[in-house]
Amino acid sequence: MIQVPTGKDIVLLSKRSFLSPEVSLQILNLAETQDFLNRFDYTKKQLYVDCDEDTFLEVSPEERSFAKQLLWENGTLEVSKETFDSILDSMPPLSPFLAQDLTGKDLMLAWGKKESLIHAIESGNGTYFSRSRNGKWVKGEESGHFQKLKQIYVHSNPFFVQYITDQIGAACHTGYYSCFFRELGQNESVSFVYSNKVGESV
């Protein structure tokens, strides 16, 4: 059984297949999240939850549109300076930042600021904003589990950043490769996606 946190925005990721790089995002309040969970059809879709239980990943064959813009790839900014400045100017104060690996697997959802995106572009490392520490957070600075970025995309409506990364070690602080290590099922059942944590023997 999971416990959806109160007083926080809940993020819902949606994609057609577990390994698809194409993903859409919604931000829900608690009531909207509970309604979504109550109505979810586990016979036709799959649902995963992250380690903090404030982000859900829905895998559904339903048709939907995915619109994203390639911002940066392998060290090179892929848009003009004017376009980049316009993107920075239009960014909300705090935005979702999603990291996926090279296969399309979702690794983690954190939050970031304009400065996070700038640092990611300059360094090539997955960078976020730590609300608990009120400052910049480069994934792997303490654990060594860096995210070496290959591409950065931006989405609009709502705005979010999508990192495509070569993940070193575990993306999740629990030790699992991905924060989405639990799949939810009918009657509040929970099953684990991975049989072991990174570095553990099976």
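**Pockets and a helix in a predicted model**

Helix H1 (residues 30–39) gives 3 residues to the lining of the second largest pocket, the most of any element. The model is predicted.

**Second largest pocket**
- Its space comes to about 300 Å³.
- The lining of the second largest pocket has 15 residues, and Ile-2, Leu-37, Tyr-42, Leu-184 and Glu-188 are the closest to the centre.
- By class, this lining divides into 7 nonpolar, 7 polar and 1 charged.

**Largest pocket**
- The volume of the largest pocket is about 690 Å³.
- A set of 31 residues lines the largest pocket. Nearest its centre lie Asp-52, Met-108, Arg-133, Trp-137 and His-173.
- Strand S8 (106–112), strand S9 (127–130) and strand S10 (135–138) are the elements that give two or more residues to this lining.
- S8 contributes the most to the lining of the largest pocket, with 4 residues.
- The lining of the largest pocket holds 13 nonpolar, 8 polar and 10 charged residues.

**Helix H3**
- Helix H3 spans residues 114–123.
- Buried residues in H3 are Ser-116, Leu-117, His-119, Ala-120 and Ile-121.
- An α-helix has 3.6 residues a turn, so residues three or four places apart point the same way.
- Gly-124 follows H3 and has a positive phi, near 80°.

Technical notes: Residues are numbered from 1 along each chain as its sequence is written. This is a predicted model: local features need pLDDT of at least 70, side-chain atom pairs count only at pLDDT 80 or more; totals for chains, interfaces and linings use all residues. Side-chain values use heavy atoms; hydrogens and water are left out. On a 1 Å grid over the protein atoms alone, a cavity is a set of points where a 1.4 Å probe fits but cannot get out, and a pocket is an open set with protein on both sides within 12 Å along at least five of seven lines; lining residues have an atom within 4 Å of a point. Grid points are joined across faces, edges and corners, and a volume is the space filled by probe spheres set on the points. Ala, Val, Leu, Ile, Met, Phe, Trp, Tyr, Cys and Pro count as nonpolar, Asp, Glu, Lys and Arg as charged, and the others, Gly among them, as polar. Buried means under 20% relative accessible area, exposed over 50%, partly exposed in between (1.4 Å probe, protein chains only).
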